[in-house]
Amino acid sequence: MSFSLHGVGVSRGIAIGKVHIVERDSVEVAEYAIALSEVDAEIARLADAVNQAKMQLRQIREHIPTSAAADIASFIDTHLLMLDDVAFTEEPARIIGDTLCNAEWAVKTQRDALVRIFDEMEDAYLRTRRDDVDHVVARILRHLLRHQPLRHEVADRHLEGMIVLAEDLSPADMVLLSHHGIAAYLTEFGGPTSHTAILARSLDIPGVAGLHRARRYVQENEMLIVDGDAGVVIGEPDERTLASYRARQAARLEFLNSLADLVDVESVSDDGITVNLEGNVELPSDFQAVAAVNALGIGLYRTEFLFMNRADIPSEEEHLATYRTAIEKTAGLPITIRTADIGGDKEIEGGPIAANPALGLRGIRYCLREPSLFRPQLRAILRASADGPVRMMLPMLANISEVRQVLGIVQGLKDELANAGVSFDANIKIGGMIEVPAAATCADFFARELDFLSIGTNDLIQYALAVDRVNDEVNYLYDPLNPAVLRLIAHTIEAGNDHEIPVAMCGEMAGDPQYTRLLLGLGLRHFSVHPTTLLEIKHMIRLTDVSRCVDVAHELLNEAEPRRRRELLASL
Ligand code: PEP
Ligand code: MG
């Protein structure tokens, strides 16, 4: 009998196929060999997992009600002490180094050794303490397995045309799965502005997130329909349902093909306002897509992919080769290279792991902390600027001091290159992303010292409304129409106008046609959107009389009532 599951549609499109379930969070441990060069990263991964386990236990301990038996607290204290013991820290690290195995296997090996000792004990009470070992080991393993890339899990699998269902997937997993040719993806957690979802859209892989407990209802190899528009999954569909979804698949394709007529027309509103439409690039494969839709440039080139699915840091030459290829592929279009925005939900192996990653060492903070990672990228961007119109963009700015630090480093690198006779564009444009409310509120500071600004609504909304963009439980609060968000956007545009520098928007809001008129009404003239939506946005711009959007857009800044805001938006 057919059944349906409901989540959040995070990447549009319909897929029909068999499902493969990724069970990464089971405590079944696989052994695999690592290279000598990966030992340090593997030991760091182990240390992170132990730290996370400790943090989690401390939190649990803090929340024990005072009425609870004291035994419970002492039970947790025992586990905390064990997590500090060399048996769980140094010994598994030694095993990793000696046997070149993965961290999970080292923990399991150590667990087996400890359990053998407990089993040999005469004392019945002490023998039962082996349970504590198992609890602590399970806790460490859960953290290790949760952050482990899918690499080993899917290495020998044939996933082409299949739908992948997992508890959660990282952006790195998404890239990997796209190489396997999956047809769609489903996750129990996650939301529409997670980087995994953004990547899936860029890769044109339909997806549904927030399907709580889906793995309980779906069986391996079952036939599913995934409706990424509606956020619905249908299991064991009958023939009629299948036929109707196949017809919808064909209709969507037809609509997308019809937009092709707009490729060569200008992006000018009905009342003659020219709007600069650029493309967002997540992966090198997007360059072709950007060129195909005739974007005026690349408004956001996310470079995190360079750091994914590997244990080492990309070298300057590797960065440079990538940027040169990008310049070749876009034949003279300006390219805005955003420096690495690592951290938050964009995890890399050996990167920062924190209890509150979105508020932690992320983006520019991480880069300023890790010059060995940042400087090669900056040097490569500078060198690439000799070959084409390249701009540099800094993510996650919160304080003007961060801008000044980067400008200082860039100046130092320019001097180095000049002294070595290496060419670069001395006037390279350096801009910043406005995606932290502090930066939006003080956008004038940033407008004064930078050449351009770009509003990252994905983060701006998350931080302004205190809504984790990857937490599906609070997704309903993620509202681009909230006046707090709109005022930050309007204020940033104003600051740019006052200082005569361009202000773009490159967050997902810019690529959602329902907001195009509102943004035009607020004065936005530079949009950077994913190539798959660029023509739809152009279509909207061409149908819009901007002068008629200004009043309603400004009314929205002062409208407290959500229903009325929806009505105002619909009236545009
Ligand atoms: C944003 O935050 O809106 C943005 C474009 O950056 P990212 O989604 O990569 O964080
Ligand atoms: Mg961002």
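**Close-up views of a predicted model**

**View 1. Cys101 and Cys549 in the predicted model.** Cys101 is buried, at a relative accessible area of 2%. Cys549 is buried as well, and its relative accessible area is 4%. Both values come from a predicted model. A search for disulfides across the whole structure returns 0.

**View 2. Ligand 1 in its cavity.** The second largest cavity is where ligand 1 sits. Elements that give two or more residues to the shell around ligand 1 are strand S10 (298–302) and the helices H9 (195–202) and H19 (457–465). Helix H19 supplies 3 residues, the largest share of this shell.

**View 3. Residues around ligand 1.** There are 17 residues around ligand 1. Those that come nearest are Arg302, Arg338, Gly456, Asn458 and Arg469.

**View 4. Backbone atoms beside ligand 1.** Gly456, listed with the nearest residues, has a backbone N or O atom 3.4 Å from an oxygen atom of ligand 1. For Thr457, a polar backbone atom lies 3.0 Å from an oxygen atom of the ligand. On its own, ligand 1 has 290 Å² of accessible area, and the protein covers 100% of that area.

**View 5. The side chain of Arg362 and ligand 1.** An N or O atom in the side chain of Arg362 is placed 3.3 Å from an oxygen atom of ligand 1.

How values were computed: Residues are numbered from 1 along each chain as its sequence is written. Chains are lettered from A and ligands numbered from 1 in the order in which they are written. This is a predicted model: local features need pLDDT of at least 70, side-chain atom pairs count only at pLDDT 80 or more; totals for chains, interfaces and linings use all residues. Side-chain values use heavy atoms; hydrogens and water are left out. A disulfide is a pair of cysteine sulfur atoms within 2.5 Å. Buried means under 20% relative accessible area, exposed over 50%, partly exposed in between (1.4 Å probe, protein chains only). A residue is near a molecule or strand if one of its heavy atoms lies within 4 Å of it. A polar contact is a pair of N or O atoms within 3.5 Å; within protein, one must be able to donate a hydrogen and the other to accept it, and residues adjacent in sequence count only if both atoms are side-chain atoms. Accessible areas come from the Shrake-Rupley method with a 1.4 Å probe; for residues, only the protein chains shown count as cover. On a 1 Å grid over the protein atoms alone, a cavity is a set of points where a 1.4 Å probe fits but cannot get out, and a pocket is an open set with protein on both sides within 12 Å along at least five of seven lines; lining residues have an atom within 4 Å of a point. A molecule sits in a cavity or pocket if more than half of its atoms lie within 2 Å of its grid points. Helices (H or I, at least four residues) and strands (E, at least two) are DSSP runs, numbered from the N terminus.
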